[in-house]
Amino acid sequence: MTLRKILIHPDPRLKKVAQPVASVNDDMRRLADDMLETMYDAPGIGLAAPQIAVMDRMLVMDCAKEDDATPEPMVLINPEVVWTSEERNVYEEGCLSIPEQYAEVERPAEVEVSWMDLDGKTRRERFDGLWATCVQHEIDHLDGKLFIDYLRPLKRQMITRKMQKLKREMARG
Ligand SMILES: [Zn+2]
């Protein structure tokens, strides 16, 4: 397994729509392992392939986040939201591509998602709570959308400027 470099906003690759995956092969399984390792190392609860500059519709997540919780790594390929609840939920979201910036985002409280797993099987599951927020946030990444796109322009610009500054500092080392 290899730790991958996570792209930091603003980056044109984070604004692109990722391509559907045709079939699961060993490269995809290796990519999933790398993504999970990168996510746990960060640490984070979700990571989408475009965040490591791979433009495939694939994401990993694990929202079993209490310290003594058993890890529940999930790998979703070509995920699609097939149902959303009318009830909505507000969560303070963050993103590994927008480090240390958090803001409240409102989304459907429950979603049903279908996807292909690493065995190439189609799966369908309903998510609620943090899992629902996380899966919607990660699927957004596959469509080139970030959580700050839900915020008011002023707040979004403020965060983007902070990230530009952070990237300049990182480039200087
Ligand atoms: Zn994110």
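This short talk walks through the sheet, the core and an annotated site of one predicted model.

Some ground rules. Residues are numbered from 1 along each chain as its sequence is written. Because the model is predicted, local features need pLDDT of at least 70, side-chain atom pairs count only at pLDDT 80 or more, and totals for chains, interfaces and linings use all residues.

Let's start with the sheet. Helices (H or I, at least four residues) and strands (E, at least two) are DSSP runs, numbered from the N terminus. Five strands make an open sheet, in the order S1-S2-S3-S6-S7, with antiparallel pairing. Two strands pair if DSSP finds at least two bridges between them. Which strands stand at the edges? They are S1 and S7, residues 122-127. Each has a single partner strand, so one side of each is left without a neighbour in the sheet. From one strand to the next, the twist averages 40 degrees. Here axes are lines fitted to C-alpha atoms, for helices over the stretch in contact, and angles run from 0 to 180 degrees between N-to-C directions.

Look at one pair. S2 and S3 are joined antiparallel over four bridges. Leu59 has Leu76, in S3, as its bridge partner.

Now the core. A residue is buried if 20 or more other C-beta atoms lie within 10 Å of its own, exposed if 12 or fewer, and partly exposed in between, with C-beta atoms placed from the backbone. A nonpolar core is a set of buried Ala, Val, Leu, Ile, Met, Phe, Trp, Tyr and Cys residues joined through C-beta atoms within 7 Å. The largest one here has 39 residues. Among those touching the most other members are Met35, Leu47, Leu59 and Val135. Helices H1, H2 and H3 each supply at least two residues, and so do strands S1, S2, S3 and S6. H2 gives the largest share, six residues.

Contact means C-beta atoms, placed from the backbone, within 7 Å. Beyond four places in sequence, Leu47 touches Met35, Thr38, Met39, Leu59, Val60 and Leu96.

Last stop, the annotated site. An unreviewed UniProt entry marks Cys95, His137 and His141 as "binding site". They span 47 residues in sequence, yet no two of their C-alpha atoms are more than 10.2 Å apart, so they gather at one spot. UniProt positions use the numbering here, feature names are shortened, and annotations may be inferred rather than shown by experiment.

Is His137 buried or exposed? Buried, with 24 C-beta neighbours inside 10 Å. His137 lies in H2. Its contacts beyond four places are Gly46, Glu93 and Phe147.

Terms used. Contact = placed C-beta atoms within 7 Å.
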